[in-house]
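This report is written for a reader who is meeting the structure for the first time.

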Amino acid sequence: MKKLLYIVCIFASLLSFSCASSGNLIPGQNKVKLQNIYSEYYNIAEAYFNLKNYSKALTYYNLCLENQSLHNNAYYKSGLCYIYTKKWDDALQIFSELYKNDAENASLKSTLAYINFMKDDKEKAISLYEELYSQYPENMEYLENLIAVYIAKEDNSMVEEKLAVLKENFPSSTKISKIEEYLQKLNKENQEETSSAQ
């Protein structure tokens with residue numbers, strides 16, 4: 001009996017030593033710890049993002065890209081950080097890839113239009129906003145943004161054409177008066193130039 005008790009004690013001590021030395025008392029514990037670390041990185045990134053410290057947020061979002069469950073959110077937020085820091089080429093790369101994987105997403109398409117506009121690719125921005133307004137004619141913002149690009153391009157005939165559509169379809173738009181002011185100012189300048197040339 002003493003011999004059996006002695007063997008059981010040795011076996012128990014070996015078992016406890018084995019478990020303690022491996023550091024993993026629970027199967028899958030390392031995976032859970034790693035997931036928690038990535039979640040903390042994401043939470044830190046979100047805190048920096050909310051504080052508008054986009055360069056710090058970007059650092060932590062990039063750490064999350066290795067984690068499959070956080071990758072898409074972190075990648076999207078990285079793209080937003082690039083937009084807010086006016087790194088248009090980096091933003092374009094991210095949002096182009098996101099849009100390629102989700103071509104039905106109007107929000108991504110609108111963001112791409114905005115980025116192209118900010119990169120001074122007005123033709124691409126016009127094309128994207130035209131597509132968006134064609135697909136979603138009930139969305140006033142797409143039409144307003146399209147007009148803004150035409151204003152920046154100084155294509156006043158298109159500004160007038162799209163303004164007529166805006167007035168007809170969205171008479172409550174707060175942008176109408178501003179666009180009309182722009183056109184009136186432009187007409188006045190053109191009249192002054194014409195009269196001074198005579």
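## A loop residue with positive phi

Asp 120 lies in the loop between α6 and α7 (122-135), where helices are DSSP runs (H or I, at least four residues; strands are E, at least two) numbered from the N terminus. Its relative accessible area is 52% and Asp 120 is therefore exposed, on a scale where buried means under 20% relative accessible area, exposed over 50% and partly exposed in between, with a 1.4 Å probe and protein chains only. The phi angle of Asp 120 is near 70 degrees, a positive value in a residue other than glycine. Most residues other than glycine have a negative phi.

Lys 86 also has a positive phi in a residue other than glycine, here near 60 degrees. Lys 86 sits in the loop between α4 (68-84) and α5 (88-101), and because its relative accessibility is 59%, Lys 86 counts as exposed.

## Basis of the model

The model is a predicted one, in which local features need pLDDT of at least 70 and side-chain atom pairs count only at pLDDT 80 or more, while totals for chains, interfaces and linings use all residues. Residues are numbered from 1 along each chain as its sequence is written, and side-chain values use heavy atoms, with hydrogens and water left out.

## The chain as a whole

The protein has 10 helices and zero strands, so that, because strands would be DSSP runs of E with at least two residues, the pattern read along the sequence is α-α-α-α-α-α-α-α-α-α. Of the 198 residues in the protein, 31% are buried. The protein exposes about 13200 Å², of which carbon and sulfur atoms supply 54%, the areas coming from the Shrake-Rupley method with a 1.4 Å probe and, for residues, with only the protein chains shown counting as cover.

Contact means heavy atoms within 4.5 Å. Among contacts between residues at least 6 apart in sequence, 39% join residues at least 24 apart.

Two packed helices are described by the angle between their axes and the distance between the axes. The axes of helix α2 (residues 29-50) and helix α3 (residues 54-64) come within 8 Å and cross at roughly 160 degrees; these axes are lines fitted to C-alpha atoms, for helices over the stretch in contact, and the angles run from 0 to 180 degrees between N-to-C directions. That angle makes α2 roughly antiparallel to α3, since angles over 145 degrees count as roughly antiparallel, under 35 as roughly parallel, 65 to 115 as roughly perpendicular and the rest as oblique. The crossing of α2 past α3 is left-handed, a term used if the near helix is turned anticlockwise from the far one by less than a right angle, and right-handed if clockwise. Among the residues making this contact are Tyr 38, Tyr 41 and Phe 49 of α2 and Tyr 54, Tyr 60 and Cys 64 of α3. By class, the contact of α2 with α3 has 13 nonpolar, no polar and two charged residues, where Ala, Val, Leu, Ile, Met, Phe, Trp, Tyr, Cys and Pro count as nonpolar, Asp, Glu, Lys and Arg as charged, and the others, Gly among them, as polar.

Helices α3 and α4 pack at an angle of about 155 degrees, with their axes 9 Å apart, and are therefore roughly antiparallel to each other. Their crossing is left-handed. Residues including Tyr 54, Leu 58 and Asn 62 in α3 meet residues including Leu 70, His 71 and Tyr 84 in α4, and this contact of α3 with α4 divides into 10 nonpolar, three polar and one charged.

## Two helix residues

His 71 is in helix α4 and, with a relative accessible area of 28%, is partly exposed. Leaving aside neighbours within four places in sequence, His 71 is in contact with Cys 64 and Leu 65. The C-alpha atoms of His 71 and Tyr 61, 10 residues apart along the chain, are separated by 8.6 Å.

Ser 110 belongs to helix α6 (residues 106-118) and counts as buried because its relative accessibility is 12%. Not counting residues up to four places away in sequence, Ser 110 touches Tyr 129, Leu 132 and Tyr 142.

## Helices α8 and α9

Helix α8 (residues 140-153) and helix α9 (residues 156-169) pack at about 160 degrees, with their axes 9 Å apart, and are therefore roughly antiparallel to each other. The contact has 11 nonpolar, no polar and two charged residues.
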